[in-house]
Structure formats: C-alpha cells, structure tokens
Amino acid sequence: MKTYRHLFFDLDHTLWDFEANADETLRHLYVLHDLGRYGTFTVEEFIRVYSDINHALWRLYQGGKIDQRQLREVRFVRTLSKLGVPELEVPTTISKEFTDILPHKTAVFPYTYEVLDYLREKGYTLHLITNGFKDIQHIKLNASNLINYFQEVVTSECCGHLKPDARIYQHALERSGARASESLMVGDNLECDVLGACNAGLDQVYFNPEKRRHFAQTTYEISCLSELKDIL
C-alpha cells in the first residue's frame, strides 16, 4: 500500500456535519421569525427548499457565476418567495443571522475526533482545503474543537481559486511543503474533492456516507470515517 505523509481534508459534509448544523439553525430561525404564521409551509418544507436552493447557488458560486455576496443575499429571498412569502416580508436580517449562528454549531460526523486522533498519533500531518468562506470556516473549526488538528487551513477565498481548480491544490501543497505523490485528499464531493485532487496529482478518498451510486474512479471510497483506519 502506498505511503502517505500529508492528509488533506475537506471540512463541510466531510468532518463538520453541515446538514445537521444547518437543520438546527434553520429551525431556530423559523421560530425566531414566526414563519409558521403564514400557515402555508412547515419547518421541514422550509429546510428542504432552503437546502435545494442553497446547493444550486453553491454550484453557481463554485462555477464562478455568482460571488459570495450574491450567494448570501439571494438564498433566503428565493427560499421564502418559493414558499409563498411576499418578497417585501422576507426578514432583512435572516441571512446575517444564519451566517452568525451556523458556524457556532458543533455537530461532526461519527468518529471524526477518534480518527483525527488516530491519524495524528500515526504521524500523519493533517491539513484542510475548503471552498467555504474564511471567516465562517475558522469559527466552525474553533467551535467544534477541530482547529488544533490541522497544520494548514487553505480556503478558496485566500487562495483565489475554488476546488476543483488544480491551483488550490498546488497552493496547498506549497504551503504545507508536501509533494503530491505523498499526499491524500479526503472529501465528500466527487467533482471538487475527487476530480480536483486527481487533476492535481493527489490520490483521493471519496467519503460517501449515503452510499450514492456513481461511476467515478477514485483511489479509495469509504462510507464511514472509521474506515480511514483500514487505509492508513
């Protein structure tokens, strides 16, 4: 089996459980703004529609079609408008409240801490590569007690390139003093984490907890983080 020295992780949906944390935050906002008074949608529908719209906007952001400000400004307006709330009645503070509250949530995927402890004890150097925004990601890392595991935290915002662009991987390798041949990328996104890393010459671990069917070629695939112990 190939010997690795540097392990690069994605954050959202790989270590930090974005869906669980967003769900909790959205339920809080639903109550805070009394969105149930409209009587036309449940909190579950609010969460589902927001999730669909947010994912679509993130794809546009990652494709360079919109910027950070547009993503943050538009997602709740589109969500609530689709659910029948007049645009003029969409709370003006809801987007900022979401970005203020969400990063302080602490849900991570099962075995996150155990696996990171194991890898660190085995002598691997751990890093992060994320398309998330710098200010938000560092709050998440501190709130969830993940920050001390990682030597380098590379964000697309600081680098100027988004995954799957190979340049963010090259930037991460340079910052960490690592070679692609001794590095492994772990992430949940087939395009950003698997294809992006592959194009930069890194082996990859596709984290697929829902065991979605796909036809991509990956170096490794796992459905639980604990399975990293079988690889490393």
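Me: How do α2 and α3 lie, roughly parallel or roughly antiparallel to each other?

Reply: The general idea is that a pair of packed helices is described by two things, the angle between their axes and the distance between those axes. Here you're looking at a predicted model, where local features need pLDDT of at least 70, side-chain atom pairs count only at pLDDT 80 or more, and totals for chains, interfaces and linings use all residues. Residues are numbered from 1 along each chain as its sequence is written, and side-chain values use heavy atoms, with hydrogens and water left out. Now the case: the axes of α2 (residues 43–62) and α3 (residues 68–82) come within 9 Å and cross at roughly 150°. So α2 and α3 are roughly antiparallel to each other.

Me: Where do those words come from?

Reply: An angle under 35 degrees counts as roughly parallel, over 145 as roughly antiparallel, 65 to 115 as roughly perpendicular, and the rest as oblique. The axes are lines fitted to C-alpha atoms, for helices over the stretch in contact, and angles between N-to-C directions run from 0 to 180 degrees. Helices themselves are DSSP runs (H or I, at least four residues), as are strands (E, at least two), numbered from the N terminus.

Me: Is the crossing of α2 and α3 left-handed or right-handed?

Reply: A crossing is left-handed if the near helix is turned anticlockwise from the far one by less than a right angle, and right-handed if clockwise. The one between α2 and α3 is right-handed.

Me: Which residues of α2 and α3 meet?

Reply: Look for contact, which is heavy atoms within 4.5 Å. On the α2 side you'll find F46, V49, Y50, I53, N54, L57, W58 and Y61, and they meet Q68, L71, V74, R75, F76, R78, T79, L80 and K82 of α3. By class, this contact has 11 nonpolar, three polar and three charged residues. For the classes, Ala, Val, Leu, Ile, Met, Phe, Trp, Tyr, Cys and Pro are nonpolar, Asp, Glu, Lys and Arg are charged, and the others, Gly among them, are polar.

Me: How about α1 and α2: at what angle do they pack?

Reply: At about 125°, with the axes of α1 and α2 10 Å apart. That makes α1 and α2 oblique to each other, and their crossing is right-handed. The contact uses F18, E19, D23, L26, R27 and Y30 from α1, together with V43, E44, F46, I47, Y50, S51, N54 and H55 from α2. It divides into seven nonpolar, three polar and four charged residues.

Me: Y50 turns up in that list. Is Y50 buried or exposed?

Reply: Buried means under 20% relative accessible area, exposed means over 50%, and partly exposed is in between (1.4 Å probe, protein chains only). Y50 sits in helix α2 and is buried, with a relative accessible area of 1%. Leaving aside neighbours within four places in sequence, Y50 touches L26, R75, F76, T79 and F98.

Me: How many residues are in the largest nonpolar core?

Reply: In soluble globular proteins, nonpolar side chains tend to be buried together. A core here is a set of buried Ala, Val, Leu, Ile, Met, Phe, Trp, Tyr and Cys residues joined through side-chain atoms within 4.5 Å. The largest one has 59 residues, and F9, F46, F150 and L228 have the most contacts inside it. Helix α2 gives this core its largest share, nine residues. There's also a second, separate core of 14 residues, which includes I129, V154, I168 and A178.

Me: What is A172 in contact with?

Reply: Beyond its neighbours within four places in sequence, A172 contacts F8, I129 and V154. A172 lies in helix α8 and is buried at 1% relative accessible area. A172 and V154 are 18 residues apart in sequence, yet 6.2 Å apart in space, C-alpha to C-alpha.

Me: Where is D34, and how accessible is D34?

Reply: D34 lies in the loop between α1 (18–32) and α2, and D34 is partly exposed at 44% relative accessible area. Y111 also has a positive phi, near 75°. Y111 sits in the loop between α4 (94–101) and α5 (112–121) and counts as partly exposed at 42%.
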